[in-house]
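Good morning, colleagues. Please bring it up on your screens.

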Amino acid sequence: MAKIENQQQYDWAVERVEELLHVVNEDTPEYSPQCIELNLLSNLVADYSEEHFAIGKPTLIEVIQLRLYEMGLNQKALAEMLGVSQSRISEYLSGKSEPTLSIARKISKLLNIDPAIVLGV
C-alpha cells in the first residue's frame, strides 16, 4: 500500500479527504469509488499524522499540575491533603524526587489520576 512521504502529499490528501466528506454519506455504497478513495486516504492521513504529529503521554508532573488547576488547589493544599510538607510537593513537581508508593496511591485517589500514570506504567 502507498504511504504519504512528505508534508505536501499530506496537505493534498487532507484537502481531498475534506472534499470527499462532502460527497460521501451514510447512503453511499461502500464499493463506490468515492467511498473507497475516502477510506484509503483517511487511513494514509491517519498513519502520517500518527507518525509525525503524535502527542506523547503526559508526565506525572504535568497531570498533577493539571488536576491541581482543575480542582482549584495549590501546592500547600495538596501537601495538607497528602500529609506531607509543602517542600516535598515542590520536590515532586520539580522532578527532584518521586513519591513513595503510599503517597502515589493517595495522589491517585485524591486527585482522581489513573494509577497507571502515577506508577509510570
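Let me begin with a term: a residue is called buried when its relative accessible area is under 20%, exposed when it is over 50%, and partly exposed in between, using a 1.4 Å probe and protein chains only. This is a predicted model, in which local features need pLDDT of at least 70, side-chain atom pairs count only at pLDDT 80 or more, and totals for chains, interfaces and linings use all residues. Residues are numbered from 1 along each chain as its sequence is written, and side-chain values use heavy atoms, with hydrogens and water left out.

Helices here are DSSP runs of H or I with at least four residues, strands are runs of E with at least two, and both are numbered from the N terminus. I start with α2. This helix has 20 residues and spans 28 Å from its first C-alpha to its last, close to the 28 Å expected at 1.5 Å a residue; the expected span is 1.5 Å times one less than the number of residues. Its buried residues are C35, L38, L41, L44, V45, Y48 and S49. An α-helix has 3.6 residues a turn, so residues three or four places apart point the same way. Among the elements covering the buried residues of α2 is α1, residues 7-23.

What surrounds F53? This residue lies in the loop between α2 (33-52) and α3 (60-71). Not counting residues up to four places away in sequence, F53 touches Q7, Y10 and Y48, where contact means heavy atoms within 4.5 Å. F53 is partly exposed, at 41% relative accessibility, whereas Y48 is buried, at 6%.

Now to the aromatic rings. Rings of Phe, Tyr and Trp (its six-membered ring) pair if their centres lie within 6.5 Å; planes under 30 degrees apart count as stacked, over 60 as edge-to-face and the rest as tilted. The structure holds three such pairs. The rings of Y48 and F53 have centres 6.0 Å apart and planes at 70 degrees, so this pair is edge-to-face. Y10, Y48 and F53 together form one aromatic cluster.

Finally, consider D11, in helix α1. At 40% relative accessibility, D11 is partly exposed. The C-alpha atoms of D11 and R105 are separated by 45 Å, and these residues are 94 residues apart along the chain.

Thank you for your attention.
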